[in-house]
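Visitor: I am new to this structure; could you take me through the terms used for it, one after another?
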Amino acid sequence: MRLSQSLIPTLKETPAEAQIASHRLMLRAGLVRQMASGIYAWLPAGLKVLNKIAQIVREEQDAAGAQELLMPTIQSADLWRESGRYDAYGKEMLRITDRHERALLYGPTNEEMITAILRDTTKSYRDLPQIPYHIQWKFRDEVRPRFGVLRGREFLMKDAYSFDLDYAGALLSYKKMMLAYMRTFQRIGITAIPMRADTGQIGGDLSHEFHILAPTGESGVFYDAEFEAGDALGVGYEPALLEDFYESMTTKYAATDEKHDLGAWAAIPDERKREGRGIEVGQIFYFGKKYSETMNYSVIGPDGAKLFPEMGSYGIGVSRLVGAIIEARHDEAGIIWPDAIAPFRVGILNLRQGDAVTGEICESLHTMFGADCLYDDREERAGAKFAEADLMGHPWQIIVGPRGAANGQVELKRRATGERFELPVAEAIAKVRG
RNA sequence: CGGGGCGUGGCGCAGCCUGGUAGCGCGCUUGUUUUGGGUACAAGAGGCCCCCGGUUCGAAUCCGGGCGCCCCGACCA
């Protein structure tokens, strides 16, 4: 992509409404525009990030045995009357009336709908277990939207739902999702800690929240340093491995300030105590037969008796993750994207636009990296290009100036560390490709 | 939902108190300049001053109502 032709409206100054770093940077780097309170349009670069995150989430859900489908954003109120949540949910639910005066709503979550779908499509114990999921926009009419996409009203969420025949099966699904989540966050390139949580609106008795560590996080978190060493990508779904992994995630100490247990904390060796701040980016729940029973969803068991499936639900705030990652990874100059989800893996900076040699090198780099690079081909001074590249946070910058270009050298800069290397073009390419 | 604040070119703001030609910086256009950390000079373009109503000879400015947005607190992926 050529910056000169792109729709990436970066800003030199910060819009007044943006108070926190991620919100400021998302606006300044041209990722989003606010369209109404808590409602954002995703511009090309922002959408690339959103899609890359969604793709990793998708791959890990699939790997865990979940199956993707897509449910609508608009739901019928009748469905929610079945579970009793139409009245219980309150003002956060955006209620809509259509031309026939039928009561609809913009879905804040999908337990009812997915239960209705499974109720219609699975009749026998042989049809379970199932873990359907989708990645879809949700709407919660927050009293006070803030922090940009961290607390928007409209947000993109991956929500999965597990249906099992018994508690043991439900617990297994829960464990799979725990692993899928840890693998997902690790692939994205951030540290997430699972913490025991309340079940809130959804109900049930087993739940974990996943917090990513960021100095500006909303809640204080306390955790055992051993979480930092964990490697979920080396763990597969074989029963023994999964069991060990789950055990290691749930026996180590981790809690938000609300649930902090001073006694348990004191038992941890001082050198392993970690205190920080976290942003919640996901939550998983086991809630048993709450919906299957109230919505009368049963399958026929092997003995011919009715059996109400055991359920769980599993959310990841995909759009929230974009903001949360920026909170966790930025500096004075701008965003520091993890490689896996950067809108552009590499920025190409032509320090002397119009120069035949730098132009030629940049053009060939641009062709080679294709959609994965952003070529700053504007008629701007070097300083402006440096500032812009740092702001947008490309993991790599290939800086092509007349000095080095004359001898086939370019400068490669790693955004995260600030390291710079003077290299021949071919070596720079190899390094970026890793 | 309680408390506070703000709506003026794309962005950041001044002007409002004390009514009378709508201004500054950045950005944008053109030219020159500069050429490795947001360069400098010059000339331009760009405005329902959030909306409706009222007061007045005259309203960005005063008064009333509405809408939008932000911040603090209680609540949430």
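Guide: What follows is a set of questions and answers about terms and the values behind them.

Guide: This is a predicted model, in which local features need pLDDT of at least 70 and side-chain atom pairs count only at pLDDT 80 or more, while totals for chains, interfaces and linings use all residues. Residues are numbered from 1 along each chain as its sequence is written, chains are lettered from A and ligands numbered from 1 in the order in which they are written, and side-chain values use heavy atoms, with hydrogens and water left out.

Visitor: How many helices and strands are there in chain A?

Guide: Chain A has 15 helices and 23 strands, where helices (H or I, at least four residues) and strands (E, at least two) are DSSP runs numbered from the N terminus.

Visitor: Why is chain A called as compact as a globular protein of that length?

Guide: Its radius of gyration, taken over C-alpha atoms, is set against the globule rule, 2.2 Å times the number of residues to the power 0.38. For 434 residues the rule gives 22 Å, and chain A has 24 Å, which is close to that, so chain A is as compact as a globular protein of that length.

Visitor: What makes strand β10 largely enclosed?

Guide: Buried means under 20% relative accessible area, exposed over 50% and partly exposed in between, with a 1.4 Å probe and protein chains only. In strand β10 (residues 206-213), seven of the eight residues are buried, so the strand is largely enclosed by the rest of the structure.

Visitor: Which strands does β10 pair with, and how do you know?

Guide: Two strands pair if DSSP finds at least two bridges between them. Five bridges join β10 to strand β9 (residues 192-196), and the two run antiparallel, with Ala192 having Ile212 as its bridge partner in β10. Eight bridges join β10 to strand β13 (residues 273-288), again in the antiparallel sense, and there Leu213 has Gly278 of β13 as its bridge partner.

Visitor: What makes helix α5 largely enclosed?

Guide: Eight of the 11 residues of helix α5 (residues 111-121) are buried, so this helix is largely enclosed by the rest of the structure; among the buried residues are Met113, Ile114 and Leu118.

Visitor: Why does Met35 count as exposed?

Guide: Met35, which has its place in strand β1 (residues 32-36), has 56% relative accessibility and therefore counts as exposed. Contact means heavy atoms within 4.5 Å, and, leaving aside neighbours within four places in sequence, Met35 is in contact with Tyr40 and Ala41.

Visitor: What is the phi of Glu101, and what is that of Asn296?

Guide: Most residues other than glycine have a negative phi, and most peptide bonds are trans. Glu101 is not a glycine, although it has a positive phi of about 65°, and Asn296, which is not a glycine either, has a positive phi of about 55°.

Visitor: Why does Glu101 count as exposed, and why does Asn296 count as partly exposed?

Guide: Glu101, in the loop between β5 (94-97) and β6 (103-106), has 65% relative accessibility and so counts as exposed. Asn296, in the loop between α10 (290-294) and β14 (299-300), has 48% and so counts as partly exposed.

Visitor: Where is there a cis peptide bond?

Guide: A cis peptide bond, with omega of about 5°, joins Leu128 and Pro129, and Pro129 lies in the loop between α5 and β7 (132-139).
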